[in-house]
Amino acid sequence: MTKRFIGIDVGGIKKGFHGICIENGCIISKINHIDPLIISEWCNNFTPSSIAIDSPCGWSSTGYSRKAERDLRVNSYRIKCFCTPKKKIAKNNSFYNWVFNGMNLYKNLKKYGYDPIETYPHGITCCVGFDKKKSKIENRMSSLSFFLIKLKDEKCIDFIDATLCAVTAKYFYLNKVIKFGNNREGFIYLPNLEI
């Protein structure tokens, strides 16, 4: 049976979610919608083997960042990322609305029986080899080429990021990931290219 993998990029309430479903290295469906219920139904229609989301799956238990975010590195290179504070801190800052939006998606997907993982597109490009001379989109597209994903003429960074997330979903299914974090605050997964 052919395996399908889904990646989702999370934005705020107005921007919503961008989702990509891949099968055999090809994109078979994509979606952009603001409702996490619609996105969850779309995912369920494809019965994916795994789902990876570019959004925090937990809150800091100590203050302004999670262990996963502090430990995020590849080949001793520290990967920069947004940090997730305690939930009560995030409630007082509208910047974190996208994180609450992502939490709603995790919750809805679990109702369908899925246990999605968290990943990070910039971290994925760092696994492949981030080139400071290239733009964000160029680095992302180079990474997709490395993973043999065909993404034709895509200009939307959110769909590109969703596709990278789908790659991590595949690597997670194959048990070829690096994991950062702990059970209390959640884990961030990146493809492990050394196994």
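Leaving aside neighbours within four places in sequence, Asp158 is in contact (heavy atoms within 4.5 Å) with Asp9, Lys15 and His18. The model is a predicted one, in which local features need pLDDT of at least 70 and side-chain atom pairs count only at pLDDT 80 or more, whereas totals for chains, interfaces and linings use all residues. Residues are numbered from 1 along each chain as its sequence is written, and side-chain values use heavy atoms, with hydrogens and water left out.

Asp158 belongs to helix H7, where helices (H or I, at least four residues) and strands (E, at least two) are DSSP runs numbered from the N terminus. With a relative accessible area of 10%, Asp158 is classed as buried (buried means under 20% relative accessible area, exposed over 50% and partly exposed in between, with a 1.4 Å probe and protein chains only). Of the residues that Asp158 touches, Lys15 is joined to it through the side chains by a polar contact of 3.0 Å (a pair of N or O atoms within 3.5 Å; within protein, one must be able to donate a hydrogen and the other to accept it, and residues adjacent in sequence count only if both atoms are side-chain atoms).

Thr168 is also located in helix H7; with a relative accessible area of 0%, Thr168 is buried. When residues up to four places away in sequence are not counted, Thr168 touches Ala52, Ile117, Thr119, Ile124, Val177, Tyr189, Leu190 and Pro191.

Helix H7 (residues 157-173) packs against helix H6 (residues 136-146), their axes coming within 10 Å and crossing at roughly 35° (axes are lines fitted to C-alpha atoms, for helices over the stretch in contact, and angles run from 0 to 180 degrees between N-to-C directions). The crossing of H6 past H7 is left-handed, that is, the near helix is turned anticlockwise from the far one by less than a right angle. On the H6 side the contact is made by Lys136, Ile137, Arg140, Met141, Ser143 and Leu144, and on the H7 side by Ile157, Ile160, Asp161, Thr163, Leu164 and Val167. By class, the residues of the contact comprise seven nonpolar, two polar and three charged (Ala, Val, Leu, Ile, Met, Phe, Trp, Tyr, Cys and Pro count as nonpolar, Asp, Glu, Lys and Arg as charged, and the others, Gly among them, as polar).

Beyond its neighbours within four places in sequence, Leu72 is in contact with Tyr77, Arg78, Ile79, Cys81, Tyr120, Phe180, Ile188 and Leu190.

Asp54 is placed in strand S4 (residues 50-54) and, at 14% relative accessibility, counts as buried. Contacts of Asp54, apart from neighbours within four places in sequence, are formed with Ile8, Asp9, Val10, Trp98, Thr119, Tyr120, Pro121, Asp161 and Cys165. The C-alpha atoms of Asp54 and His122, residues 68 places apart in sequence, are 9.9 Å apart in space.

Several loop positions were also examined. Ile34, in the loop between strand S3 (26-33) and helix H1 (36-45), is partly exposed at 48% relative accessibility. Ile34 touches Ile13, Lys14, Lys15, Gly16 and Phe17 when residues up to four places away in sequence are not counted, and its C-alpha atom is separated by 9.5 Å from that of Val10, 24 residues away along the chain. Asn24, in the loop between S2 and S3, is exposed at 63% relative accessibility, and its phi is near 55°, a positive value in a residue other than glycine. Asn75, in the loop between strand S5 (73-74) and strand S6 (77-78), is exposed at 60% and, although not a glycine, has a positive phi of about 50°. Lys91 is located in the loop between helix H3 (87-90) and helix H4 (97-111) and is exposed, with 57% relative accessibility; between Lys91 and Tyr171, 80 residues apart in sequence, the C-alpha to C-alpha distance is 33 Å.
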